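Please examine the structure shown below before reading the briefing. The points that follow are grouped by topic.

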Amino acid sequence: MIALDPAARANTTVINHPLVQHKLTLMRKKEASTNSFRRLLNELAGLMIYEVCRDMPLQDVQIETPLETMTSQVIDGKKLVFASILRAGNGILDGILNVVPGARVGHVGLYRDPNTLQAVEYYFKMPKNMEERDVIIVDPMLATGNSAAAAVARLKQCKPKSIKFLCLLTCPEGINTLYKEHPDVPVFTAAIDRELNDHGYILPGLGDAGDRIFGTQ
Ligand code: URA
């Protein structure tokens, strides 16, 4: 078991809202069906994105209510990119797009080499004009941190305005690795679990998120 770096912890927001924690518990249970696992992930993602978007800039607009003209505030959702790390990241997309439907979506395809546990890229597609956009990378499990760090490094080549990382679960290894390589990328998660096992799985965790979302086990 490795220690959590205090600086990495300070860069991590654990979203401990009771609804988030309740749904996470239901997802962890081994008897949760594919259907309920996917539905819960959608619901959780929709709740968690509130916290991730807390500091999004607002713009003043003039609108007319049925009674008066007023100045009110809106976000520019189109400036936001949700970058899904394939394939499990796609399980988060529906839930967050329900809340921010105008956001653009990118995909990063990385697989973990089973021997080295290092990330290898096989797909990368982002919207145009990334310099104008804020990116939220999504992947349910921040485990070794290698795929996350590789995805962030690849995205930085597009020079977006900012990058945040949203996951469901993580562990000290994942947070420490990502922070060491990218201390400028804040992490949002529902829980920091105890440790990684020798196969790169989070303990106690919830198993293989991709298999549980897509029913491929
Ligand atoms: N990926 C998963 O799906 N689960 C883990 O526990 C670690 C990585």
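Does Asn129 count as buried, partly exposed or exposed? With a relative accessibility of 40%, Asn129 counts as partly exposed, because buried means under 20% relative accessible area, exposed means over 50%, and partly exposed lies in between (1.4 Å probe, protein chains only). This is a predicted model, in which local features need pLDDT of at least 70 and side-chain atom pairs count only at pLDDT 80 or more, while totals for chains, interfaces and linings use all residues. Residues are numbered from 1 along each chain as its sequence is written, and side-chain values use heavy atoms, with hydrogens and water left out.

**Surroundings of the ligand**

- An oxygen atom of the ligand lies 2.8 Å from a backbone N or O atom of Ile202.
- For Gly207, a polar backbone atom is 2.8 Å from a nitrogen atom of the ligand.
- For Ala209, a backbone N or O atom lies 2.7 Å from an oxygen atom of the ligand.
- On its own the ligand has 240 Å² of accessible area, of which the protein covers 89%; accessible areas come from the Shrake-Rupley method with a 1.4 Å probe, and for residues only the protein chains shown count as cover.

**Aromatic rings**

- A search of the whole structure finds 1 aromatic pair.
- The pair is formed by Tyr111 and Tyr122, with 6.4 Å centre to centre and 35° between the planes, and is tilted.
- Rings of Phe, Tyr and Trp (its six-membered ring) pair if their centres lie within 6.5 Å; planes under 30 degrees apart count as stacked, over 60 as edge-to-face and the rest as tilted.
- Tyr111 lies in strand E5 (residues 104-112) and Tyr122 in strand E6 (residues 119-125), so the pair ties together parts that are 11 residues apart in sequence.
- Helices (H or I, at least four residues) and strands (E, at least two) are DSSP runs, numbered from the N terminus.
- Tyr111 is partly exposed, at 43% relative accessibility.
- Arg154 lies over the face of Phe124, at 3.7 Å from the ring centre; a charge sits over a ring if NZ of Lys or CZ of Arg is within 6 Å of the ring centre and within 35 degrees of the ring normal.

**Buried residues and their contacts**

- Glu195 belongs to strand E13 (residues 195-196) and is buried, with a relative accessible area of 18%.
- The side chains of Glu195 and Arg194 are joined by a polar contact of 3.1 Å.
- A polar contact is a pair of N or O atoms within 3.5 Å; within protein, one must be able to donate a hydrogen and the other to accept it, and residues adjacent in sequence count only if both atoms are side-chain atoms.
- Not counting residues up to four places away in sequence, Glu195 touches several residues, including Met1, Cys171 and Tyr201; contact means heavy atoms within 4.5 Å.
- Ile213 is placed in helix H7 (residues 209-214) and is buried, with a relative accessible area of 2%.
- Apart from neighbours within four places in sequence, Ile213 is in contact with Thr34, Phe37, Arg38, Leu41, Ala88, Gly91 and Pro140.
- Asp211 is also placed in helix H7 and is buried, at 16% relative accessible area.
- Apart from neighbours within four places in sequence, Asp211 is in contact with Arg87, Thr216 and Gln217.

**Backbone geometry**

- Most residues other than glycine have a negative phi, and most peptide bonds are trans.
- Leu86 and Arg87 are joined by a cis peptide bond, with omega about -5°, and Arg87 is found in the loop between strand E4 (80-86) and helix H4 (90-99).
- The peptide bond from Leu203 to Pro204 is cis, with omega near 0°; Pro204 is found in the loop between strand E14 (202-203) and H7.
- Asn129, in the loop between E6 and strand E7 (134-138), has a positive phi near 55°.
- Lys159 is not a glycine, yet has a positive phi of about 55°.
- Lys159 is found in the loop between helix H5 (146-156) and strand E9 (162-166) and is exposed, with a relative accessible area of 60%.
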